[in-house]
Amino acid sequence: MTQNYRITLLPGDGIGSEIIAVAVNVLKVVGKKYNIQFEFTEALIGGAAIDATGEPLPADSLDICRNSDAVLLAAIGGYKWDSLPSHLRPEAGLLGLRAGLGLFANLRPAKILPQLIDASSLKREVVEGVDILVVRELTGGIYFGKPKGIFETETGEKRGVNTMAYTESEIERIGRVGFEAARKRGGKLCSVDKANVLEVSQLWRDRITKLAQEYPDVELSHMYVDNAAMQLLRAPKQFDTIVTGNLFGDILSDAAAMLTGSIGMLPSASLGASGPGVFEPVHGSAPDIAGQDKANPLAQVLSAAMMLRYGLNEPTPADEIEQGVLEVLQKGDRTGDIMSPGMNLLGCRAMGKALIQVLEAK
Ligand SMILES: NC(=O)C1=CN([C@@H]2O[C@H](COP(=O)(O)OP(=O)(O)OC[C@H]3O[C@@H](n4cnc5c(N)ncnc54)[C@H](O)[C@@H]3O)[C@@H](O)[C@H]2O)C=CC1
Ligand SMILES: CC(C)CC(=O)C(=O)O
Ligand SMILES: [Mg+2]
């Protein structure tokens, strides 16, 4: 029996259309093999949506996403829209999508692939075997807290304000995702905060500590975010699962990318309590290389694999895509961001073709 899935594609801006095209081709190939029919619908978000409609997340786009089984997003943003006020920028579209779909949990795995150890910025002995999952809270914290804005003070000076706030229930629900994930992985959860300074982090630490009583099989530790950034680069193998807030998770997952060789390799899954998830690379729209066929499409392809696994409950084709990525790297194929001496330098499209060849041969 053929399984049908409705997938919303959000190419967004910059390298988005280049990398999403590769992921769609990959999905079609594995779909054929596993009797899965994808019905793809493209919708606007970010700068592309602003140019077409004046809004970073048109109501139409959110409706299309809500009515699909899963959403595959590339990235939004670019220089062209940088001078717009926050609420009209492409980034507001992304935050609106996450909030609109209730995607409070962002899973960001950072796993070192043996084929890419030489592409890492760190020494082999530091990164070999690294396998970290960052569980980032995605619909709260300083990206959403109120008040926010640029206000005028009594003296006429401008004052920029953002608010980092978490309720106990928000902390508890993301904490549970962290504990459950740690339980299925290496059994260790590190909660990252800034409880030495921030009240919001003191509440965070308190709630996570209480929650630990329900997970006696998980070893919980706490770390301040500044130390966590340093430890990630100094001794990343001490980490198994990290649970943290929106801002800290955003920053730490980019740092973790450099353990794995490039941000062009890191996928993510954004999930809510119900409804479709959004699957997107950790990186942004890379405007500096957009339109040049230089982007690494593998983070997007691996996000499609996460979509199959977490969004559609299709682990077998997900495994096959991940295996295909390992094999194409094993052959020595590399985009510029993960290039090392003696390897074959490919553009985005050629990397896509190389991967399709590997998958079709399976
Ligand atoms: N989820 C999203 O849609 C995100 C959007 N952004 C937006 O993207 C725009 C650019 O932001 P940046 O800070 O420059 O971050 P970025 O992640 O787009 O780029 C940082 C660096 O990594 C490189 N890079 C990123 N993805 C790559 C890939 N697949 N292959 C090869 N190289 C890659 C870029 O060329 C650049 O040198 C901004 O407008 C930002 O707001 C940033 C992060 C996430
Ligand atoms: C608009 C930003 C919050 C996007 C970002 O940097 C991310 O989600 O990693
Ligand atoms: Mg980020």
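Reader: What does the UniProt annotation "domain: Isopropylmalate dehydrogenase-like" cover?

Author: That unreviewed entry puts it on residues 6-355, though such annotations may be inferred rather than shown by experiment. Keep in mind that this is a predicted model, where local features need pLDDT of at least 70, side-chain atom pairs count only at pLDDT 80 or more, and totals for chains, interfaces and linings use all residues. Residues are numbered from 1 along each chain as its sequence is written, with chains lettered from A and ligands numbered from 1 in the order in which they are written.

Reader: Why are H8 and H9 called roughly parallel?

Author: Helix H8 (residues 225-234) and helix H9 (residues 246-257) pack at about 15 degrees. Angles under 35 degrees count as roughly parallel, over 145 as roughly antiparallel, 65 to 115 as roughly perpendicular and the rest as oblique, so H8 is roughly parallel to H9.

Reader: And what makes H11 and H12 oblique?

Author: Their axes cross at roughly 120 degrees, and that is why H11 and H12 count as oblique to each other.

Reader: Which residues of H12 make the contact with H11?

Author: Ala354, Leu355, Val358 and Leu359 of H12 do, with Glu320, Gly324, Val325, Glu327 and Val328 on the H11 side. To be in contact, two residues need C-beta atoms, placed from the backbone, within 7 Å.

Reader: How do the residues around ligand 1 divide?

Author: Into ten nonpolar, seven polar and four charged. Ala, Val, Leu, Ile, Met, Phe, Trp, Tyr, Cys and Pro count as nonpolar, Asp, Glu, Lys and Arg as charged, and the others, Gly among them, as polar.

Technical notes:
Axes fitted to C-alpha atoms, helices over the stretch in contact; angles between N-to-C directions. Helix = DSSP H or I, 4+ residues; strand = E, 2+ residues; numbered from the N terminus.
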